[in-house]
Amino acid sequence: MKVLVLGGDGFCGWPTALHLSDRGDEVVVVDNLSRRAIDQELGAESLTPIATVSDRLTAWHEVTGKEIRFRNVDLAQDYAGLLALLESERPDAVVHFAEQRSAPYSMKDSGHKRYTVDNNVNATHNLLAAIVESGLDIHVVHLGTMGVYGYGTAGMEIPEGYLDILIPHPDGDPVAQEILYPTHPGSVYHMTKTLDQLLFAYYVKNDRLRVTDLHQGIVWGTNTPETKRDDRLVNRFDYDGDYGTVLNRFLMQAAVGYPLTIHGTGGQTRAFIHIVDTTKCVAMALDNPPVPGDRVKIINQQAETLRVRDLAHKVAELTGAEVAYVPDPRKEDQENDLLVSHATFLSYGWQPITLDTGLMMEVTEIARRYGDRCDLSKIPARSLWTKEQRAGVPAGYEDVPEGAPATVRV
């Protein structure tokens with residue numbers, strides 16, 4: 001099939017584009033390169049050296065003989081360009097990664113909050129409106145987040161998107177309804193993903209669009225079989241306090257001799273998925289589209305759930321690293337349970353990668369290889385969720401950068 005990978009230069013988008021191309025799909029990467037601009041803004045480059053888009057695509061053609069084309073379009077701001085792209089390319093499907101993906105970045109200040117909403121919500125709505133205007137039958141596969149469910153304890157297994165409820169009726173039997181599972185976003189970034197859900201529900205109802213929304217867990221790992229074929233194809237490795245995902249940060253910190261920073265008690269339970277499985281699940285979603293008129297197909301895309309402190313101690317046992325408890329910059333429950341259904345992908349034959357010592361060591365070796373590119377001052381998470389937190393920042397919290405964090409426990 002012909003697939004546009006929107007945000008195809010990013011951490012999840014790039015390896016997904018390669019995976020789809022490798023299996024025989026015709027792939028066009030669409031990106032405005034905003035993530036590279038954010039690197040410059042933050043002064044925190046990927047730990048792995050990222051080649052230019054042109055060099056990446058040239059390398060892929062050289063090692064595989066396959067061609068991936070690139071189009072520079074800003075989905076959030078250039079509606080006319082987006083519509084023209086759809087009309088000229090006439091794809092069978094689009095994979096929508098083109099959103100600012102960091103919760104901490106979205107909470108830095110009012111400017112970053114507004115940018116995240118403007119970019120993410122506009123991009124999604126422009127895409128849906130353009131598909132309707134084009135008149136094309138295009139399957140939208142969107143990368144959402146498990147964070148739409150919040151980080152509290154549900155007291156039940158969280159279903160895949162929908163919840164059956166009974167509404168009391170004063171004059172008779174309760175009325176049965178199916179609703180979107182109630183959202184409880186933990187940041188402005190997560191809020192944009194909950195707004196995406198409503199946009200999808202509306203356009204599916206009103207215009208019979210075909211949409212699959214993947215509620216993904218935290219991604220770990222760096223490379224995939226495709227990105228390993230040439231150094232120019234290497235994937236991003238974010239380690240900074242804004243964009244580094246928790247397990248990759250732990251493995252990088254261990255590799256450079258920096259204590260593993262646990263925010264708060266570490267009792268926060270999170271869902272995890274390896275980057276290889278991200279690419280496989282997106283491909284499975286493309287191969288199993290809803291039919292026109294179906295509700296939004298919501299699939300939970302995660303392999304396992306773990307408490308952050310348990311994760312840190314696994315890494316510490318593996319690497320000999322110290323563990324450090326530091327103040328939690330987020331407004332969240334310090335202890336929660338998380339039980340999530342992921343039956344749909346299992347029914348497709350998915351065999352998820354779970355926390356594996358060999359794969360963790362592979363990531364650690366990458367971190368060691370490029371350790372000289374690490375800026376220790378970028379490791380601490382500095383985005384604080386509320387004005388009250390910013391007013392009461394613990395002494396020394398913002399001055400942690402060079403050495404070990406405060407309150408180290410081995």
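**Entry 1. The cores**

I looked up the largest nonpolar core and found that it has 40 residues. Leu4, Leu6, Val30, Leu86 and Val94 have the most contacts inside this core. I then listed the elements that give two or more residues to it: strand S1 (2–6), strand S2 (26–30), helix H4 (79–89), H6 and helix H7 (188–207). H6 supplies the largest share, seven residues. I also noted a second, separate core of 35 residues, which includes Ala17, Val29, Ala283 and Ala285. I keep in mind that this is a predicted model.

I picked leucine 6 and asked which residues it is in contact with, leaving aside its neighbours within four places in sequence. The list is Val30, Leu75, Val94, Val95, His96, Phe97, Ala98 and Leu127.

**Entry 2. Helix H6**

H6 covers residues 110–134, which makes 25 residues. I checked its reach from first C-alpha to last and got 35 Å, close to the 36 Å expected at 1.5 Å a residue. Then I looked at both ends. At the start of H6, a side-chain oxygen of aspartate 109 comes to within 3.0 Å of the backbone nitrogen of glycine 111. Just after H6, I found glycine 135 with a positive phi of about 75 degrees.

Most residues other than glycine have a negative phi. I wrote down two residues that depart from this. Leucine 33 has a phi near 65 degrees and sits in the loop between S2 and helix H2 (34–42). Arginine 90 has a phi near 50 degrees and sits in the loop between H4 and strand S4 (93–96).

Are these two residues buried or exposed? Arginine 90 counts as exposed, because its relative accessibility is 54% and the cut-off is over 50%.

**Entry 3. The sheet of seven strands**

I traced an open sheet of seven strands in the order S3-S2-S1-S4-S5-S8-S12, with parallel pairing. Strand S3 (69–71) and strand S12 (297–301) are the edge strands, each pairing on one side only. On average, neighbouring strands here are turned by 20 degrees against each other, direction ignored.

I followed one pair in detail. Strand S8 (residues 210–216) and S12 run parallel and are joined by five bridges. In this pair, threonine 212 stands opposite lysine 297 of S12. H7 packs on the sheet and touches strand S5 (139–145), S8 and S12. The direction of H7 makes about 155 degrees with that of S5.

**Entry 4. The sheet of three strands**

I found another open sheet, of three strands, in the order S9-S11-S13 and with mixed pairing. Its edge strands are strand S9 (218–220) and strand S13 (304–307), each of which pairs on one side only. Neighbouring strands of this sheet are turned by 45 degrees against each other on average, direction ignored.

S9 and S11 pair in the parallel sense over three bridges, and tryptophan 220 stands opposite histidine 274 in S11. I noted two helices here. Helix H9 (residues 275–287) lies across S9 and S11 and runs at about 75 degrees to S11. Helix H10 (residues 308–319) lies across S11 and S13 and runs at about 85 degrees to S13.

**Entry 5. Threonine 269**

I stayed with strand S11 (residues 269–274) and looked at threonine 269 in it. Threonine 269 is buried, because its relative accessible area is 6% and the cut-off is under 20%.

What does the side chain of threonine 269 reach? It makes a polar contact of 3.4 Å with the side chain of arginine 307. A polar atom of the threonine 269 side chain also lies 2.5 Å from the backbone oxygen of asparagine 336. Leaving aside neighbours within four places in sequence, the contacts of threonine 269 include Tyr151, Thr305, Leu306 and Leu338.

**Entry 6. Strands S10 and S14**

Last, I looked at strand S10 (residues 260–263), which pairs with S14 in the parallel sense over four bridges. Threonine 261 stands opposite alanine 324 in S14. In strand S14 (residues 323–326), Val323 and Tyr325 point one way, while Ala324 and Val326 point the other way. I noted that these four residues are all buried.

How values were computed
Residues numbered from 1 in each chain as written. Predicted model: local features only at pLDDT ≥ 70, side-chain atom pairs only at ≥ 80, totals over all residues. Heavy atoms only, no water. Buried < 20%, exposed > 50% of the residue type's maximum accessible area, 1.4 Å probe, protein only. Polar contact = N/O pair within 3.5 Å; in protein donor to acceptor, adjacent residues only side chain to side chain. Contact = heavy atoms within 4.5 Å. Expected span 1.5 Å × (residues − 1). Core = buried A, V, L, I, M, F, W, Y, C linked by side-chain atoms within 4.5 Å. Pairing = 2+ DSSP bridges. Axes fitted to C-alpha atoms, helices over the stretch in contact; angles between N-to-C directions.
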